[in-house]
Amino acid sequence: MKFLEKTIIQLDVEVKSPEDAIMKAGQLLLKDGLVEPSYVEAMKQAYNKNGPYFVLAPQIAIPHARPEDGVNEAAVSLVQLKEAISFGHAINDPVRLVFGLGASSSAEHLTLLRKLTTLLNDPQNIEQLLQATTIDEVQKTIRNGEMTR
Amino acid sequence: MKVLTVCGLGQGTSLILKMNVEQALTDIGIRADVEHMDVSTASSMDADYIITSNELAESLQGHKAKIVIVNNYFDMDEINEAIKENMEAS
């Protein structure tokens with residue numbers, strides 16, 4: 001299980017489209033061997049097919065696909081966008097934090113989602129992730145987030 | 001009481017919503033069985049309530065369950081309020 005570890009966080013990233021943002025979050029998972037290329041492709045297809053419902057809160061998108069699309073290890077990556085981009089969500093647009101979720105069918109998937117939910121349930125953590133300029137700052141927020149609740 | 005939390009694939013976001021909905025129901029004191037699933041499974045599933053986003057609520061129109069919309073999955077105040085408004089009366 002890899003939850004927002006250093007190598008799967010990227011800050012101040014420029015993207016041209018929502019698809020591009022999804023690909024960037026997916027590529028972080030891909031380069032560490034956490035998912036297969038087919039999974040990244042499926043993340044993009046899920047957006048094209050089902051729309052931007054995974055923009056779960058203002059500024060926050062959590063693109064993902066199904067475990068059978070090619071997940072090797074349960075993981076969450078983060079791409080913080082340089083400029084907010086619209087995903088077409090009626091209420092929560094525009095997006096600046098993209099969490100790439102590698103959804104596994106193991107029990108770790110649940111643990112991972114619980115960590116992510118605990119982190120993002122606190123508006124202060126979200127604010128810190130939006131403001132962060134270094135990976136160390138992001139990791140500090142994540143560690144603090146794990147201690148609350 | 002049976003509650004479904006619904007997303008496009010039934011893997012990620014509906015599970016996040018389920019966690020926060022269960023927390024809210026416990027806090028309010030409502031006993032319910034909460035299941036998470038994708039939108040097409042949900043459309044043929046019996047339930048008292050379906051909790052989902054504005055985006056997916058449209059595709060569930062006509063379902064016998066009462067549809068409850070949550071826009072910010074991480075805002076416990078919004079979730080608590082949506083549940084109180086829609087569920088306590090029953």
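A polar contact is taken here as a pair of N or O atoms within 3.5 Å; within protein, one atom must be able to donate a hydrogen and the other to accept it, and residues adjacent in sequence count only if both atoms are side-chain atoms. Between chain A and chain B, five residue pairs are in polar contact, both residues at pLDDT 80 or more, while the count of salt bridges (a side-chain nitrogen of Lys or Arg within 4 Å of a carboxyl oxygen of Asp or Glu) is zero. The model is predicted, so local features need pLDDT of at least 70 and side-chain atom pairs count only at pLDDT 80 or more, whereas totals for chains, interfaces and linings use all residues. Residues are numbered from 1 along each chain as its sequence is written, chains are lettered from A in the order in which they are written, and side-chain values use heavy atoms, with hydrogens and water left out.

Turning to the interface as a whole, 29 residues of chain A are in contact (heavy atoms within 4.5 Å) with 20 residues of chain B. The two chains bury about 2,200 Å² between them, 65% of it on carbon and sulfur atoms; this buried area is the accessible area (1.4 Å probe) lost on putting the two parts together, summed over both. In chain A, A:Y53, A:L56 and A:R66 lose the most area to chain B, together 28% of what that side buries.

Away from these totals, A:L28 touches A:T7, A:I8, A:I9, A:Q10, A:S77, A:L78 and A:V79, leaving aside residues up to four places away in sequence. A:L28 counts as buried because its relative accessibility is 4%, the cut-off being under 20% relative accessible area (1.4 Å probe, protein chains only).

How values were computed
Buried means under 20% relative accessible area, exposed over 50%, partly exposed in between (1.4 Å probe, protein chains only).
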